[in-house]
Amino acid sequence: EAFNVAVEKASALNAFIVTTPDHALAAADAVDAKRAKGEDLGKMGGVPIGMKDLFCTDGVQTTAASHILEGFVPRYESTVSQKLWEAGAGMLGKLNLDQFAMGSSNETSYFGNVSSPWKKAGTNAAMSPGGSSGGSSAAVAARIAPAATGTDTGGSIRQPAAFAGITGIKPTYGRCSRWGVVAFASSLDQAGPMARSVEDCAIMLEAMAGFDPKDATSLQMDVPNWEAALDADLKGKRIGIPREYRMDGTDAEILSSWEQGKEWLRDAGAEIVDIALPHTKYALPAYYIIAPAEASSNLARYDGVRYGLRDLPDGAGLQDMYAATRADGFGDEVKRRILIGTYVLSAGFYDAYYTQAQKVRALVARDFENAWSQCDAILAPTTPTASFPLGSLNDDPLTMYLNDVFAVPASLAGLPAMSVPAGLNADGLPLGLQIVGKPFDEQGVLNAGL
Ligand code: GLN
């Protein structure tokens with residue numbers, strides 16, 4: 001019954017692409033059986049979660065919110081989802097997202113926009129839940145699911161968490177296996193939890209993380225018990241405030257919530273220090289070369305032969321089938337990324353764009369390495385604005401891309417970063433603050449967020 005109420009709420013927001021009540025119920029039954037036998041229930045025993053539809057799930061359609069994967073039913077389970085089931089969780093359904101995780105508003109999905117449960121005070125316009133993990137943020141914010149998986153390539157866990165007033169952490173690159181996760185930009189893609197509290201994120205991240213021989217970039221490190229070491233006392237910790245994040249055009253309300261964040265951390269015992277991350281302004285342009293370049297290569301596999309959609313016009317040959325399938329199957333934003341990616345990788349422009357962007361990436365990473373001699377973690381806004389009405393940025397991809405201006409540097413450097421709720425703005429919309437940590441220091445990030 002509770003499930004049906006949730007389904008109604010979820011369909012009003014268009015948060016799910018498919019629902020899987022039997023999966024969640026089986027996990028609940030398994031917990032009952034274990035309890036009856038006095039067995040350990042597992043880290044997430046019986047918890048019904050939402051699964052971003054970028055994770056392959058055995059026997060359950062997996063689309064990446066693209067027409068080109070419609071009808072694709074994997075015969076295998078992603079490592080991250082498998083680990084969650086082993087920890088006792090169950091699946092409510094596959095959550096909507098921006099197509100192939102490309103977007104910041106959940107408007108590029110083939111299966112329609114996702115609405116945020118939040119409204120701007122005094123208006124009734126449907127607001128963006130952020131993206132690309134917008135089904136995840138909407139479902140958790142609307143209390144349809146206590147937690148959901150997300151993926152973050154350049155902000156797609158943190159920005160939707162900020163827009164929806166929830167918590168989300170992108171761990172250090174390599175903590176969570178990418179095996180069985182539909183690839184966008186492989187050197188950046190990371191899975192992570194989205195939930196209502198830092199505590200819930202700590203528990204869920206522990207279930208998701210861990211070395212996986214099937215992912216060549218998986219970290220060979222033990223997964224700490226983050227939950228057990230949560231500690232809100234920040235005495236002796238130095239929190240860096242990067243001066244380059246005060247950008248022109250950042251809303252006053254964002255700057256004042258940043259000030260508020262400093263106060264909270266000072267009250268918790270931390271020392272606030274100014275730091276410099278001089279290459280910050282080059283991070284977003286470099287991201288929009290590297291991510292599309294990798295995407296254009298990763299998306300070459302959708303050819304109408306191996307997965308989902310196949311368009312085979314009458315009398316068509318192989319090339320015609322590729323062209324027809326890809327023209328029909330990919331959305332406009334995905335095509336834009338493929339075009340940019342193939343351009344920057346082309347023989348004539350490779351050095352001018354791709355090589356240059358890789359150099360910038362190294363400089364951005366070095367900025368952070370230098371900063372760690374002065375601070376233990378960094379506090380910054382998550383986004384330059386609060387959520388916006390659906391449809392309001394559709395003709396303006398550059399402003400849309402700017403949503404991730406504060407999120408992308410940590411992505412390029414592979415660092416753990418989390419967004420936590422930081423109250424509401426004057427319009428009653430949530431704002432988020434971001435904590436970026438040293439490599440492998442999810443604990444420091446979680447503790448500062450607590
Ligand atoms: N919004 C960014 C993009 O469109 C980030 C997406 C992501 O992290 N998956 O590329």
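**A walk through the predicted model**

UniProt, in an unreviewed entry, places the feature "domain: Amidase" at residues 2-446. UniProt positions follow the numbering used here, feature names are shortened, and annotations may be inferred rather than shown by experiment. Residues are numbered from 1 along each chain as its sequence is written. This is a predicted model: local features need pLDDT of at least 70, side-chain atom pairs count only at pLDDT 80 or more, and totals for chains, interfaces and linings use all residues.

The span 2-446 is 36% helix and 14% strand, and its end C-alpha atoms lie 31 Å apart. Helices (H or I, at least four residues) and strands (E, at least two) are DSSP runs, numbered from the N terminus.

Start inside. The largest nonpolar core has 125 residues. Such a core is a set of buried Ala, Val, Leu, Ile, Met, Phe, Trp, Tyr and Cys residues joined through C-beta atoms within 7 Å. Buried means 20 or more other C-beta atoms within 10 Å of a residue's own; exposed means 12 or fewer, partly exposed in between, with C-beta atoms placed from the backbone. I49, A139 and V140 have the most contacts inside this core. Helix α8 (residues 280-298) gives the most to it, with 10 residues. I49 touches, among others, L84, M91, L92 and A145, not counting residues up to four places away in sequence. Contact here means C-beta atoms, placed from the backbone, within 7 Å.

Now take helix α6 (residues 198-208). Of its 11 residues, 10 are buried, so the helix is largely enclosed by the rest of the structure. Those buried include D200 and E206 as well as V198, I203 and L205. The cover over them includes helices α3 (79-86) and α14 (442-449), along with strands β4 (147-152), β5 (167-170), β6 (190-195) and β10 (417-424). G210 follows α6, with a positive phi near 135°.

Next comes a loop. L97 lies between β3 (90-95) and α4 (134-141). L97 counts as buried because it has 33 C-beta neighbours inside 10 Å. Its contacts include K52, D53, N106 and S132. The C-alpha atoms of L97 and A15 are separated by 8.3 Å, though the two residues are 82 apart along the chain.

Finally, the ligand. It is surrounded by 13 residues, the closest being A101, S104, T153, G154 and S156. The shell divides into 4 nonpolar, 7 polar and 2 charged residues. Ala, Val, Leu, Ile, Met, Phe, Trp, Tyr, Cys and Pro count as nonpolar, Asp, Glu, Lys and Arg as charged, and the others, Gly among them, as polar.

Methods:
Contact = placed C-beta atoms within 7 Å. Near = placed C-beta within 6 Å.
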